[in-house]
Amino acid sequence: MFKERVLPISMEIYIPRILGNITRNYIKSRFLDLNLGTIIDIDMYKKINENGYHYYFAFINLLLHDTTEAIRMYKILQERNIIHIIYNDSNQYWEVKKHIPRNQRDALFNEKCENNIITNKKIYT
């Protein structure tokens, strides 16, 4: 008898800020070491912040492992759309977000704001 899989096979995530010295291979190895999954594809883009330092942002297609850690990450991303993943002994973390395709972002924003009043960039519920 086969065990029913709890997670989807893969998911798309987005990391908006990655330090400039971090490599694709390092990110791939950390996701493996943390029992989260195998990165199938990673698109990293370089940017420069307001202080002149470079950093990256990345879109990742992740093949999830059937582990407690991956299940926890998946559930948090489904509920909150964001999770912090500590990736080194200095407690540095990546802010990982569930990737929402561009054509779905406006609809999602409008749906969340239906019951809110937005004034001067503050949201009142």
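**Burial, overall.** I call a residue buried when its relative accessible area is under 20%, exposed when it is over 50%, and partly exposed in between, using a 1.4 Å probe and protein chains only.

**Ground rules.** I'm working with a predicted model, where local features need pLDDT of at least 70 and side-chain atom pairs count only at pLDDT 80 or more, while totals for chains, interfaces and linings use all residues. Residues are numbered from 1 along each chain as its sequence is written, and side-chain values use heavy atoms, with hydrogens and water left out.

**Layout.** I took helices (H or I, at least four residues) and strands (E, at least two) as DSSP runs, numbered from the N terminus. The chain has 3 helices and 7 strands. Going along the sequence, I read the pattern as β-α-β-β-α-β-β-α-β-β.

**Contacts and surface.** A contact here means heavy atoms within 4.5 Å. Of the contacts in the chain with a separation of 6 or more, 56% are between residues 24 or more positions apart. Accessible areas come from the Shrake-Rupley method with a 1.4 Å probe, and for residues only the protein chains shown count as cover. I noted about 9200 Å² of accessible surface for the chain, 49% of it belonging to carbon and sulfur atoms.

**Helix α1.** Which residues of α1 are buried? In this helix, residues 24–33, I found I27, R30 and F31 buried. Seen down the axis of α1, they fall within an arc of 100°, so they line one face of the helix. That arc is taken from the directions from the helix axis to the C-beta atoms. I then looked at what covers them: the cover includes β1 (10–19), β2 (37–48), β3 (54–64), β4 (82–86) and β5 (93–98).

**Salt bridges.** Side chains of opposite charge can pair when their charged atoms come close. My rule was a side-chain nitrogen of Lys or Arg within 4 Å of a carboxyl oxygen of Asp or Glu. Searching the whole structure gave 2 salt bridges.
- D33 pairs with R30, with the closest N and O atoms 3.1 Å apart. Both lie in helix α1, 3 residues apart, about one turn of the helix. R30 counts as buried because its relative accessible area is 17%.
- K97 pairs with E95, with the closest N and O atoms 3.7 Å apart. K97 is partly exposed at 29%, and E95 is partly exposed at 28%.

**Aromatic rings.** I paired rings of Phe, Tyr and Trp (its six-membered ring) if their centres lie within 6.5 Å; planes under 30 degrees apart count as stacked, over 60 as edge-to-face and the rest as tilted. That gave me 9 aromatic pairs. One of them is Y45 with F59, edge-to-face at 6.1 Å centre to centre and 75° between the planes. This pair links distant parts of the chain, since Y45 is in strand β2 and F59 in strand β3, 14 residues apart. Y45 is partly exposed at 39%, and F59 is partly exposed at 25%. Y87 and W94 make a stacked pair, 4.1 Å centre to centre with 15° between the planes. Are Y87 and W94 buried or exposed? I have both down as buried. I also found that Y14, Y45, F57 and F59 form one aromatic cluster.

- N81 has a positive phi of about 70° although it is not a glycine. I located N81 in the loop between α2 (68–80) and β4.
- N91 has a positive phi of about 60° and sits in the loop between β4 and β5. N91 counts as exposed because its relative accessibility is 53%.

**Another loop.** N21 lies in the loop between β1 and α1, and at 64% relative accessibility it counts as exposed. How far apart are N21 and H54 in space? I got 8.8 Å, C-alpha to C-alpha, for residues 33 apart in sequence.
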